[in-house]
Amino acid sequence: MNMASNSNMANVNGQENGEPVVKRPRENVPPESPLRSSKEPVNKVTVVLGAQWGDEGKGKVVDLLAMDADIVCRCQGGNNAGHTVVVDSVEYDFHLLPSGVLNKKAISFIGNGVVVHLPGLFTEAESNLKKGKGLQGWEERLKISDRAHIVFNFHQAVDGIQEQQRQQQEGKNLGTTKKGIGPAYSSKAARNGLRVCDLVSDFKVFEDKFRMLAEHFLAMYPNLNVDIDGELEQLKGYVERLRPLVTDGVYFMHKALTGPSKKILVEGANAALLDIDFGTYPFVTSSNCTVGGVCTGLGVPPSHVGRVYGVVKAYTTRVGVGAFPTEQDNETGALLQSRGREVGVTTGRKRRCGWLDLILVRYAHMVNGFSAIALTKLDILDTLPEIKVGVAYKVDGEPLPSFPANMDVLTRVTVEYKTFPGWCRTTEAARSLTDLPPQAQTYIRFIEDFLQVPVKWVGVGKSRESMIKLY
């Protein structure tokens, strides 16, 4: 064996000339960066979302969670939302303000995904101030993103004209709230909308853009009645009152998420089946009211989204037109409507009522990934001798594997129900799961098993105390 081969053998065995080989460190190698090790986000947002067609009682759940929150946010929609919150026997109605504004220790934040009608915002605050002490000092604890778009009075007028045109052309309207939300989001998408940052900046530049936008709508709708000078005067009057409320929303949320420990709550408006992408289109709202709207409407990275709570009414309601498979256009529906006081907070319209539709709620869970459910208004079922729950859809006798995108299909579905015995006694005094009748407990367990999501709260009345926490 030659020397070369001996040398190779020695190196293979980790030795050279009989001595162990010492590995020399490479020169100029920087130390491992601490940034490369994955870290859990410091703060995560807790999200409350509607899991049906809205009006599920989100305000009550938000109010419960907002009691110890540091920041309460709205991320989408406008004053087309309607939340009623009862505190100290005073009933507050919110449309644009986050219901967390009642917590005097929390900051309320209106994010960039919200469209803001300024006259509506200030009128809402003033009207709630007259009801009780809950809103005192609201301007000191409200922040509005500088990137939020503005709803103008002519957007609201256009909303009304569009609804009228739909009725004339197709014999059916969308049932909008006529609050200008759709036209304002249309301006945003067409990139000729105006934002809060424009209004609090150079007013002359804002005025020029406003006039152009108004002329754009006048060209499209010649019958539109727009008082351009009057509205500009009104908006100018809001500037100084608005300015202290305006903040860089992205920076505000970033500081909140990455700074000292904070409880941050996001209050969804509308609901999953009204989402512009996932709802019963075209009978939907104009924003994303599912969990994705939290990221885009606040500037929150997905890694900072924590628990997502779905709010589910113990039966189903819907405002306006559109398919409604479990609707009960009969005595049962009338009973639910009257016992549940099912009248829209924003519109005053009676809500259509029907049995709980778990196919629909399961679909909402697929999109949102609910951590847990808040089941509201269980007490409304107290007088019913039997209660039905929709558990499957069929079309032309064939089972439907998923919730249909096509509304013509949804209007044709027949619903397969599971029937439960009612409990025929009041649940309003219940403050724990064991206080509820066994039949009500069975109803709750069935919902959990079907959805494979735990029910965390059960609502049996109007007050904050009537939300029973199960775990």
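**Figure 1. Asp93 is partly exposed, with a relative accessible area of 23%.** Here "buried" means under 20% relative accessible area, "exposed" means over 50%, and "partly exposed" is in between, using a 1.4 Å probe and protein chains only. Keep in mind that this is a predicted model, where local features need pLDDT of at least 70, side-chain atom pairs count only at pLDDT 80 or more, and totals for chains, interfaces and linings use all residues. Residues are numbered from 1 along each chain as its sequence is written, and side-chain values use heavy atoms, with hydrogens and water left out. Asp93 meets Lys131 in a salt bridge at 3.4 Å, N to O (a side-chain nitrogen of Lys or Arg within 4 Å of a carboxyl oxygen of Asp or Glu). The two residues sit 38 residues apart and link distant parts of the chain: Asp93 is in strand β6, while Lys131 is in the loop between α3 (118-129) and β9 (142-145). Helices (H or I, at least four residues) and strands (E, at least two) are DSSP runs, numbered from the N terminus. Lys131 is partly exposed too, at 36%.

**Figure 2. Asp248 and Arg147 form a salt bridge, with their closest N and O atoms 3.3 Å apart.** This pair spans 101 residues of the chain, from Arg147 in the loop between β9 and β10 (149-150) to Asp248 in the loop between β11 (246-247) and α9 (249-258). Asp248 counts as partly exposed because its relative accessibility is 33%, and Arg147 counts as partly exposed because its value is 35%. Elsewhere, salt bridges that share partners join Asp55, Lys313, Glu342, Arg351 and Lys377 into one network. How many salt bridges are there by this rule? The count comes to 18.

**Figure 3. Lys58 and Glu56 meet through their side chains in a salt bridge of 2.9 Å, N to O.** Are these two buried or exposed? Lys58 counts as buried because its relative accessibility is 4%, and Glu56 counts as buried because its value is 0%.

**Figure 4. Asp55, Ser89 and the Tyr281 to Pro282 bond show some backbone angles worth a look.** Most residues other than glycine have a negative phi, and most peptide bonds are trans. Asp55 has a positive phi near 65° and sits in the loop between β3 (45-50) and α2 (58-66). With 24% relative accessibility, Asp55 counts as partly exposed. Ser89 isn't a glycine either, yet its phi is about 65°; you'll find Ser89 in the loop between β5 (83-87) and β6 (90-94). Ser89 is exposed, at 75%. The peptide bond from Tyr281 to Pro282 is cis, with omega near 10°, and Pro282 lies in the loop between β12 (264-267) and α10 (292-298).

**Figure 5. An open sheet of 10 strands has mixed pairing.** Trace the order and you get β11-β9-β7-β4-β12-β3-β13-β17-β21-β22.

**Figure 6. Tyr393 and Phe403 are one of the 19 aromatic pairs in the structure.** Rings of Phe, Tyr and Trp (its six-membered ring) pair if their centres lie within 6.5 Å; planes under 30 degrees apart count as stacked, over 60 as edge-to-face and the rest as tilted. Tyr393 and Phe403 are tilted, at 6.1 Å centre to centre and 45° between the planes. Tyr393 is in strand β18 (residues 386-395) and Phe403 is in the loop between β19 (398-399) and α13 (407-410), 10 residues apart. Both are buried: Tyr393 at 2% and Phe403 at 10%.

**Figure 7. Phe420 and Phe446 pair edge-to-face, 5.0 Å centre to centre and 65° between the planes.** Phe420 belongs to strand β20 (residues 414-421) and Phe446 to helix α14, so the pair ties together parts that are 26 residues apart in sequence. Phe420 and Phe446 are buried. Ring pairs also link Phe152, Phe154, Phe203, Phe206, Phe210 and Phe217 into a cluster.

**Figure 8. Lys388 lies over the face of Tyr417, at 5.8 Å from the ring centre.** A charge sits over a ring if NZ of Lys or CZ of Arg is within 6 Å of the ring centre and within 35 degrees of the ring normal. Lys456 lies over the face of Trp457, at 5.5 Å from the ring centre.

Technical notes
Two strands pair if DSSP finds at least two bridges between them.
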